[in-house]
Amino acid sequence: LGYRLQFGRKDVDPLATLEFSSQEDQYIVPSVHKGATYVFKISAKNHVGFGEEAYEELSVPEDVPKGYPQILQYSNVSTTSISISWLPPVMAERNGVIIQYSVTYKEANSPSYPTEVAVPSSENSHVLNGLKSSTLYDIKIRAHTSKGPGPYSPAVQYHTLPLDQGFPKNFKVKFIMQTSILLSWEFPEKYSSLTPYKIQYNGKSIDVGGRTTKKLITNLD
């Protein structure tokens, strides 16, 4: 009486289902994704129902990515560091397994060559260090498969903080007891970052909130 075909990417549920008459014996699958493995199940239909399914898998060769990652967020970590996060290219444009990202950055409107940083595919964020303070940067990212890199994302621009906006001032240390000290400091009036600060002492390190202005250190030797 006919046939039932179920098919689709092996890593995506559910499979598509089509039914054909007994006179039809072929079907062309549209919009196949490069680098993907497809599953095909077909069974014949009689008056009782569908019979046993025949099963096949087909892997399409990889290619370089057709699309680019989408930069989601970027923010200041310090006056010389920027944090960025992103999403991978959409599934239809990956053309295979993403094995690496390349983050490229340079001073905006500068003739200098950009700096490129390799980031493992298991990560979707990165901190760019060693930047100049109070400087506008162009940032782009691209994805790689085993066949090579895809196109860069459109550049986003981000401005690092000026030096006088990023560092606390009037830092003071006050002994409370033999084994405790109170640290205090102030921020410039225009400072508004919530990025935590790091306090290091005696080989130890603790983080304090970006708007905190004092911290009690206890149990000192």
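A: Of the 221 residues in the protein chain, 31% are buried, meaning under 20% relative accessible area, with over 50% called exposed and anything in between partly exposed (1.4 Å probe, protein chains only). The model is predicted, so local features need pLDDT of at least 70 and side-chain atom pairs count only at pLDDT 80 or more, while totals for chains, interfaces and linings use all residues. Residues are numbered from 1 along each chain as its sequence is written, and side-chain values use heavy atoms, without hydrogens or water.

The protein chain holds one helix and 17 strands; these are DSSP runs numbered from the N terminus, helices being H or I of at least four residues and strands E of at least two. Its radius of gyration is 28 Å, well over the 17 Å that the globule rule gives for 221 residues, so the chain is more spread out than a compact globule. That radius is taken over C-alpha atoms, and the rule is 2.2 Å times the number of residues to the power 0.38. Along the principal axes, the C-alpha atoms fill a box of roughly 90 × 50 × 30 Å. Of the contacts with a separation of 6 or more, 54% are between residues 24 or more positions apart, a contact being heavy atoms within 4.5 Å.

Strand β8 (residues 115-120) pairs with β7 in the antiparallel sense over six bridges, where pairing requires at least two DSSP bridges between two strands. Within β8, E116 stands opposite T104. Strand β10 (residues 136-145) also runs antiparallel to β7, and eight bridges join the two. Here H144 of β10 is the residue opposite Q100.

A155 is 16 residues from I139 along the chain, and their C-alpha atoms are separated by 5.2 Å. In a regular strand the side chains alternate between the two faces of the sheet.
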